[in-house]
Amino acid sequence: MADLEAQKQRAALRAAAEVADGMLLGLGTGSTATYAIREIARRMREEGLRLTAIATSSATGALAVSLGIPLRSMGEIDQLDLVIDGADEIDPALRAIKGGGGALFREKIAAAAAVRMIVIGDSSKPVETLGRFKLPVEVHPFALRSVQHQLEALGAPIALRSRADGAPFATDQQANIFDVAFDRIDDAGALARMLEAMPGVLAHGLFIDLVDTAIIGTEDGVSITNRH
Ligand SMILES: O=C[C@H](O)[C@H](O)[C@H](O)COP(=O)(O)O
């Protein structure tokens, strides 16, 4: 059986090697991004690499602080040199679904502000067509029911994300997430535009024209795809 953790680590190490001295870096969220963040911190300690970073979630922020990575607030930054982040699915055109961990809002802001975005993952992440992974849609609580109504009209099953104790999951923005089971998204661009037109939708998990490079761990190395 494929060792997905080892694949994540290989992808993360390869991406962390792209970090150069003096960069302003976006740190992604999730299990794969965590490997990259730990490797970046190791390079800072052992190789004297200097950088400043922004965190795409409170969890990543806490990890970065614990590793001694200097952080700035995204709100005071107009451009990032590089973002390294995971993904839930990525297709051959480097369109991705993100937000399985609920960090999509900040991740998308960082991705859009980055000169370059590298997505890292294991061999379970590449897909021919997006949509098997349920699409996260982050919604301001004020608009919960009205957005639910509009999402239901799209015809796919939707579920309000909940925590282990049954309470609604709250994002870092204290918003909620609907997970939408499209199964197959044939026109990601059209769907993204539809979701963005719904008042109260803070972010959706479709990342289109944002990923520049995908680094996928394999059994014995990595496979790298660049967007043209
Ligand atoms: O909200 C979470 C992020 O979009 C993650 O990058 C994504 O869910 C992938 O996470 P993982 O690397 O743990 O599979």
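By class, the shell around the ligand comprises two nonpolar, nine polar and five charged residues. The model is predicted. In total, 16 residues surround the ligand. Ser 31, Thr 32, Asp 88, Glu 107 and Lys 125 are the closest of them.

The side chain of Asp 88 places an N or O atom 2.7 Å from an oxygen atom of the ligand. For the side chain of Lys 98, the corresponding distance from an N or O atom to a ligand oxygen is 2.9 Å. Gly 100 contributes through its backbone, with an N or O atom 3.4 Å from an oxygen atom of the ligand. On its own, the ligand has 370 Å² of accessible area, and the protein covers 91% of this.

The site was then examined with the protein atoms alone. Rolling a probe the size of a water molecule over the atoms shows where empty space is left. The largest pocket has a volume of about 180 Å³. The ligand sits in this pocket. Its lining consists of 16 residues. Thr 29, Gly 30, Ala 87, Asp 88 and Gly 101 lie nearest the pocket centre. Asp 88 is also listed among the residues closest to the ligand. By class, two nonpolar, nine polar and five charged residues line the largest pocket.

Key:
Residues are numbered from 1 along each chain as its sequence is written. This is a predicted model: local features need pLDDT of at least 70, side-chain atom pairs count only at pLDDT 80 or more; totals for chains, interfaces and linings use all residues. Side-chain values use heavy atoms; hydrogens and water are left out. On a 1 Å grid over the protein atoms alone, a cavity is a set of points where a 1.4 Å probe fits but cannot get out, and a pocket is an open set with protein on both sides within 12 Å along at least five of seven lines; lining residues have an atom within 4 Å of a point. Grid points are joined across faces, edges and corners, and a volume is the space filled by probe spheres set on the points. Ala, Val, Leu, Ile, Met, Phe, Trp, Tyr, Cys and Pro count as nonpolar, Asp, Glu, Lys and Arg as charged, and the others, Gly among them, as polar. A residue is near a molecule or strand if one of its heavy atoms lies within 4 Å of it. A polar contact is a pair of N or O atoms within 3.5 Å; within protein, one must be able to donate a hydrogen and the other to accept it, and residues adjacent in sequence count only if both atoms are side-chain atoms. Accessible areas come from the Shrake-Rupley method with a 1.4 Å probe; for residues, only the protein chains shown count as cover. A molecule sits in a cavity or pocket if more than half of its atoms lie within 2 Å of its grid points.
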